[in-house]
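Dear colleague,

I am handing over a structure to you with this email, and below it you will find my notes on what was found. Please read them with the model open beside you.

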Amino acid sequence: MKYISTRNSQKKFSFEEIFFKGLADDGGLFIPEYFYKLNEKEILNLKEMSFQEISHFIFLKYSRDTFESDELYEIINKAYKNFRCKNIINVNKHNNINLVQLFHGPTLAFKDVAMQVLGQMYKSLLNKNKRKITIITATSGDTGAAAINAFKDNENINIFVLHPNNKISDVQRKLMTTTKSKNIFNIAIEGNFDDCQKLVKEMFVDVSFSKKINMSGVNSINWGRIVAQTTYYFYVYSKFVKDKNELIFSVPTGNFGDIYAGHVAKKMGLPINKLIVATNQNNILERCLNTGKYKPEKVNESLSPSMDIQVSSNFERVLYDYYKKDEKKINELMKNLKDKGEFTIDENVLKNIRKDFDATSCSDDEICKIIKDFYNINKIVIDPHTATALKILNNENYNKKELYVLETAHHCKFPNAIKKALNINTKLPDFIDFTDAKENFDVLDNEINIVKDHILSSISC
Ligand SMILES: *Cc1c(COP(=O)(O)O)cnc(C)c1O
């Protein structure tokens, strides 16, 4: 299996190359030359497999040129050692709503499911190659903590995490900034998540800078994360789904990583009918699916901060598929986005996207109401991101159907939202204790040269 960029199919890369690079030099996203298609027997076999075995099975299809089967098995088993749930994920059914709990990892959000695998892959590859790298990543709150937990105390890695200053929850920030490890550098940028993501992309495409520091990326554009996230779509299907004819996933969406994994699972043969793109008030994707126009607007802070995003990077991969690998067209759309601040999807393409995806948006008031209603009926507190994925129940096409809702974080990470919705104070679980923990981070202006200088001087000392 070779990989190409969404903007250039001429250059081919190995799994190892795209794993370390994250983003292509041409600004495009890496994708496999084709999606491995499971046959019926292989899909049936998933029933007998554990979460780790499914993950191994799928990863092997995409990384055989880089990992031996045994090696990969060890990587995946180590990755899931620290999960608090034996089966890694769990599904709880409440009437027609099936909550897919993805937050049993060390930092209480679904990001751990993929990031722990990446942590072990980096460890193995860097030891083998005797390389040292610098990981730089932007976070809307949860990626950073997951990455720090996965990469701490690795002497072959320095990791810099850029978060938007004062725009993530205290719990999210403390999970990052109180981790004691010499290889971790937290930076709070005076800006929003899109600013952080833009800084990281600029550093990537500045080849002299990124080469100098051996830069690598673990944002949700990293193909390894996508593959890891396909696992739970397969797992849910094979273990929990009764009616195989009508499989609908509703997915809280920001950078389109988690839901894109669902799209990949579908391409690989999983019979998914619809993927619901659930957004908060930052609803660029809903607007785009309704009108065809992709136009980032100002990011508004919401009760679901991990989705406060207007530039949804992984969407480029979907466009590539629905434009049937027409890289010229992708280059044109992305040039329009850069030069004019928007692009428009052709009508026939949009029609096909809409066959597979539906979209909703959810205001803060609606998030509170959904959390409250769900609590009143089921006595269960859901987190504000997960709440956005229940908005689709207002739609009469969906309100009686079995719905698989990705529960992307534990509610205790967002005490302010829960207080607002339910007027109760949430407690952190016992395994998290911030008393006496000292926070470590630098606040920097949203200015590329300041950030670069900071990174260079931090590494050299
Ligand atoms: C990151 C995140 C999302 C959005 O996931 P994407 O892959 O960026 O679409 C949703 N909910 C939570 C809790 C998150 O941390």
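In β9, M215 is the bridge partner of T134. The model is predicted, so to speak of local features a pLDDT of at least 70 is needed and side-chain atom pairs count only at pLDDT 80 or more, while totals for chains, interfaces and linings use all residues. Residues are numbered from 1 along each chain as its sequence is written, and side-chain values use heavy atoms, with hydrogens and water left out.

Strand β6 (residues 133-138) pairs with β9 in the parallel sense over two bridges; strands are DSSP runs of E with at least two residues, numbered from the N terminus, and two of them pair if DSSP finds at least two bridges between them. Both belong to an open sheet of five strands with parallel pairing, in the order β9-β6-β7-β8-β16. Because β9 (215-216) and β16 (442-445) stand at the edges with a single partner strand each, one side of each is left without a neighbour in the sheet.

Among the polar contacts (pairs of N or O atoms within 3.5 Å), a polar side-chain atom of D142 lies 2.5 Å from an oxygen atom of the ligand, and a polar backbone atom of G254 is 2.8 Å from a ligand oxygen atom. The protein covers 98% of the 380 Å² of accessible area (Shrake-Rupley method, 1.4 Å probe) that the ligand has on its own.

Notes:
A polar contact is a pair of N or O atoms within 3.5 Å; within protein, one must be able to donate a hydrogen and the other to accept it, and residues adjacent in sequence count only if both atoms are side-chain atoms. Helices (H or I, at least four residues) and strands (E, at least two) are DSSP runs, numbered from the N terminus.
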